[in-house]
Amino acid sequence: VLLTFNQITDASSGKKVTFVFAIALWAASSGFSAIQDSMNTLYKIKDTGPYWKARSAAVLISTLLSLLITAILAVFLAADFFARLVSLHIAHPSIADPVVVLIRILGWIVAVALLALLFALIYYWAPNVKQRQWHWLTPGGAIGILGWVLASLGLRLYLHFFNTYTV
């Protein structure tokens, strides 16, 4: 994997990276624009604003949501890193094991809180309503969080028990 990564980075330039980043951001904003259209249909609201304004808002919100998803993944990596660090540096297992479990639980709590923030941002900015109301948790957000957690746990179990990729 490292060899492939090095070959790709050696062949890439700043212009290519910028171009790919812009295309990825435009695609993500198209996804958020579709969410906006769906929420407006759900709320029975006609979007009367100019296209450029709605599209620029979708680009900005998509950037924010992408950074938030990156932060959620970083929380998982940091919790795993610190849990591993604790398990290596605390010699006594009766002390290390509960601390490792506590660190991983705290990582999940922070990740779920950031995920609740992500869904709250979507439900706040997606519909084009006149008076916006902030709700930390909505039924749709709760279902989204539950789905994310179950998918994460399912992937973790799958990788733990079926970690061979041979035929």
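**Aromatic cluster.** I looked up the aromatic residues and found that Tyr-124, Trp-125, Trp-134 and Trp-136 form one cluster. I counted rings of Phe, Tyr and Trp (its six-membered ring) as a pair if their centres lie within 6.5 Å; planes under 30 degrees apart are stacked, over 60 edge-to-face, and the rest tilted. The structure holds 6 aromatic pairs. Tyr-124 and Trp-125 make an edge-to-face pair, with 5.1 Å centre to centre and 85° between the planes.

**Basis.** This is a predicted model, where local features need pLDDT of at least 70 and side-chain atom pairs count only at pLDDT 80 or more, while totals for chains, interfaces and linings use all residues. Residues are numbered from 1 along each chain as its sequence is written, and side-chain values use heavy atoms, with hydrogens and water left out.

**Exposure of the pair.** I took buried as under 20% relative accessible area, exposed as over 50%, and partly exposed as in between (1.4 Å probe, protein chains only). Tyr-124 is partly exposed, at 21%. Trp-125 is also partly exposed, at 37%.

**Charges over rings.** I asked for NZ of Lys or CZ of Arg within 6 Å of the ring centre and within 35 degrees of the ring normal. Arg-132 lies over the face of Tyr-124, at 5.8 Å from the ring centre. Arg-55 lies over the face of Trp-26, at 3.8 Å from the ring centre.

**Gln-36.** I numbered helices (H or I, at least four residues) and strands (E, at least two) as DSSP runs from the N terminus. Gln-36 lies in helix 2. Gln-36 is buried, with a relative accessible area of 11%. Contact here means heavy atoms within 4.5 Å. Leaving aside neighbours within four places in sequence, Gln-36 is in contact with Ala-54, Ala-58, Trp-125 and Ala-126.

**Lys-44.** Phi of Lys-44 is near 55°, a positive value in a residue other than glycine. Lys-44 sits in the loop between helix 2 and helix 3. Lys-44 is exposed, at 77% relative accessible area.

**Nonpolar cores.** I defined a core as buried Ala, Val, Leu, Ile, Met, Phe, Trp, Tyr and Cys residues joined through side-chain atoms within 4.5 Å. The largest has 19 residues; among those with the most contacts inside it are Phe-32, Leu-65, Leu-118 and Ile-122. Helix 2 (14-42), helix 3 (51-89), helix 4 (93-125) and helix 5 (139-161) each give two or more residues to this core. Helix 4 gives the most, with 8 residues. Leu-65 touches Phe-32, Leu-118, Leu-121 and Ile-122, not counting residues up to four places away in sequence. Another core, of 5 residues, lies apart from the largest one and includes Ala-79, Ala-83, Val-86 and Ile-103.

I used a 1 Å grid over the protein atoms alone: a cavity is a set of points where a 1.4 Å probe fits but cannot get out, a pocket is an open set with protein on both sides within 12 Å along at least five of seven lines, and lining residues have an atom within 4 Å of a point. Grid points are joined across faces, edges and corners, and a volume is the space filled by probe spheres set on the points.

The largest pocket has a volume of about 450 Å³. Its lining has 13 residues, with Phe-76, Leu-77, Asp-80, Trp-108 and Arg-156 nearest its centre. Helix 3 supplies the largest share of that lining, 6 residues.

I found 1 cavity of 30 Å³ or more. The largest cavity holds about 40 Å³ of space. Its lining includes Ile-72, Phe-76, Trp-108 and Trp-148. Helix 4 supplies the largest share of the cavity lining, 4 residues.
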